[in-house]
Amino acid sequence: MDPFSAEGELLTIHNAFHQGQYQTVLDFDTSSLSQSNITTARVLKLRAQIANGDTKGALSSIQKEKGPDFTAVRAFAQYFSGDTSSAEKQIDQLLSSSGENATVQILGGIVLQGLGRTDEALSLLSKHQGNLEAIALITQIHLQQNRLPAAQKEVSEARKWAQDSLLVNIAESWVGMRLGGEAYQSAFYVFEEIAQTPSSTSSKALISQAITELHLGRLPEAEAALKQALELPQKDTEALANAAVLMTLMGKMGEGEKYLEELRGMDAEHVLLRDLEEKGSLFDQASGKYSAKVAS
């Protein structure tokens with residue numbers, strides 16, 4: 001039996017992880033799982049720990065662990081802690097020795113894509129044997145490459161055999177956000193259902209709902225969803241980044257700057273802040289070529 005199917009014993013922890021309910025994953029009781037699923041569940045718990053910002057704790061807990069699954073998690077944690085050279089070295093070793101391992105494919109694919117080695121990431125992920133997370137990651141990479149037809153094809157093929165899968169619904173919604181038009185509304189329904197259901201809500205889901213609201217031109221509703229995300233116990237940097245952008249679009253410049261300052265305090269290297277700094281530098285360079293003319 002597929003452990004991630006509707007009857008599988010990993011369905012709950014798997015869905016919780018992909019809904020962004022990382023504390024639920026960490027609290028999940030694995031004592032009754034069959035031996036064959038223990039490692040997969042532990043990998044999900046370690047990934048949730050890393051997603052919650054406790055990279056050091058995750059690394060410490062697997063310091064003495066061996067095997068490709070935990071080596072891949074170690075490289076994954078190193079990458080997100082900034083030690084990209086060590087992460088890359090370990091992933092390269094795993095590519096030659098354990099490329100058929102599902103954990104290596106997923107975490108290795110994420111690290112390789114992050115390092116700009118897109119072709120190798122796609123090659124590794126394409127080795128999957130019906131792994132829906134691999135399909136979702138391939139879809140995401142195609143969208144980053146602006147290869148919309150390839151992303152659509154990936155989701156369409158998965159839909160044929162995994163109709164009710166949460167991951168397929170999410171990946172299809174990503175594609176819908178790129179397609180636009182009526183697809184925005186379809187994506188909204190998926191993210192709203194996850195975000196507004198008490199048993200599945202999370203910062204990640206609320207941010208996704210807010211982004212679809214924004215694309216639909218419903219700015220006050222997007223603001224409400226982001227405020228819900230920011231009121232959760234653990235403040236999410238992505239919620240702050242999106243709130244800053246939304247406040248700017250709504251003309252609330254002061255509030256937008258407040259969110260940016262808070263974001264700087266939590267993650268000074270956030271992609272939005274780096275992009276703003278780069279664009280500001282380019283503007284200064286361009287404006288420096290011109291001098292204002294003062295009318296007499």
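Which handedness does the crossing of α5 and α7 have? The crossing is left-handed. This result, like those that follow, comes from a predicted model.

The axes of α5 and helix α7 (residues 102–114) come within 9 Å. They cross at roughly 25 degrees. The two helices, α5 and α7, are therefore roughly parallel to each other. On the α5 side, the contact is made by Pro-68, Asp-69, Ala-72, Val-73, Phe-76, Tyr-79 and Phe-80. On the α7 side, Thr-103, Val-104, Leu-107, Ile-110, Val-111 and Gly-114 take part. The residues of this contact between α5 and α7 divide into 10 nonpolar, two polar and one charged.

Helix α5 also meets helix α3 (residues 35–51). The axes of α3 and α5 come within 11 Å and cross at roughly 5 degrees. That angle makes α3 roughly parallel to α5. From α3, the residues in contact are Thr-39, Arg-42, Val-43, Leu-46, Arg-47 and Ile-50. They meet Asp-69, Phe-70, Val-73, Phe-76, Ala-77 and Phe-80 of α5. By class, the residues of the contact of α3 with α5 are eight nonpolar, one polar and three charged. Phe-76 is among the α5 residues that meet α3, and Phe-76 is also among those that contact α7. Phe-80 likewise takes part in the contact with α3 and in the contact with α7.

Aromatic side chains were examined next. A search of the whole structure finds four aromatic pairs. In one of them, the ring centres of Phe-76 and Phe-80 lie 4.8 Å apart. The ring planes of Phe-76 and Phe-80 stand at 65 degrees, so the pair is edge-to-face. Both residues belong to helix α5 (residues 68–80). Phe-76 and Phe-80 are four residues apart, about one turn of the helix. Phe-76 has a relative accessibility of 7% and counts as buried. Phe-80 has a relative accessibility of 46% and counts as partly exposed. Another pair joins Phe-188 and Tyr-189. The ring centres of Phe-188 and Tyr-189 are 5.8 Å apart. Their planes lie at 50 degrees, so this pair is tilted. Phe-188 is buried, at a relative accessible area of 6%. Within α5, Phe-76 and Phe-80 form one aromatic cluster together with Tyr-79.

A further helix pair is formed by α14 and α15. Helix α14 covers residues 219–230, and helix α15 covers residues 237–249. Their axes come within 10 Å and cross at roughly 150 degrees. Helices α14 and α15 are therefore roughly antiparallel to each other. The crossing of α14 and α15 is left-handed. In α14, Leu-219, Ala-222, Glu-223, Leu-226, Ala-229 and Leu-230 make the contact. Their partners in α15 are Ala-239, Leu-240, Asn-242, Ala-243, Leu-246, Met-247 and Leu-249. The residues of the contact of α14 with α15 divide into 11 nonpolar, one polar and one charged.

Attention then turns to helix α1 (residues 11–18). Which residues of α1 are buried? They are Ile-13, His-14, Ala-16, Phe-17 and His-18. These buried residues pack against α2 (22–27), α3, α9, α11 (166–179) and α13 (203–215). Gly-20 follows α1 and has a positive phi, near 85 degrees.

Two loop residues complete the account. Asn-146 is found in the loop between α9 (132–144) and α10 (148–161). The phi of Asn-146 is near 60 degrees, a positive value in a residue other than glycine. Is Asn-146 buried or exposed? Asn-146 is exposed, with a relative accessible area of 62%. Asp-267 is found in the loop between α16 (253–266) and α17 (271–287). Asp-267 is partly exposed, at a relative accessible area of 28%. Not counting residues up to four places away in sequence, Asp-267 touches Thr-237 and Leu-273. Asp-267 and Thr-237 are 30 residues apart along the chain. Their C-alpha atoms are separated by 7.3 Å.

Methods
Residues are numbered from 1 along each chain as its sequence is written. This is a predicted model: local features need pLDDT of at least 70, side-chain atom pairs count only at pLDDT 80 or more; totals for chains, interfaces and linings use all residues. Side-chain values use heavy atoms; hydrogens and water are left out. Axes are lines fitted to C-alpha atoms, for helices over the stretch in contact, and angles run from 0 to 180 degrees between N-to-C directions. Angles under 35 degrees count as roughly parallel, over 145 as roughly antiparallel, 65 to 115 as roughly perpendicular and the rest as oblique. A crossing is left-handed if the near helix is turned anticlockwise from the far one by less than a right angle, and right-handed if clockwise. Contact means heavy atoms within 4.5 Å. Ala, Val, Leu, Ile, Met, Phe, Trp, Tyr, Cys and Pro count as nonpolar, Asp, Glu, Lys and Arg as charged, and the others, Gly among them, as polar. Buried means under 20% relative accessible area, exposed over 50%, partly exposed in between (1.4 Å probe, protein chains only). Rings of Phe, Tyr and Trp (its six-membered ring) pair if their centres lie within 6.5 Å; planes under 30 degrees apart count as stacked, over 60 as edge-to-face and the rest as tilted.
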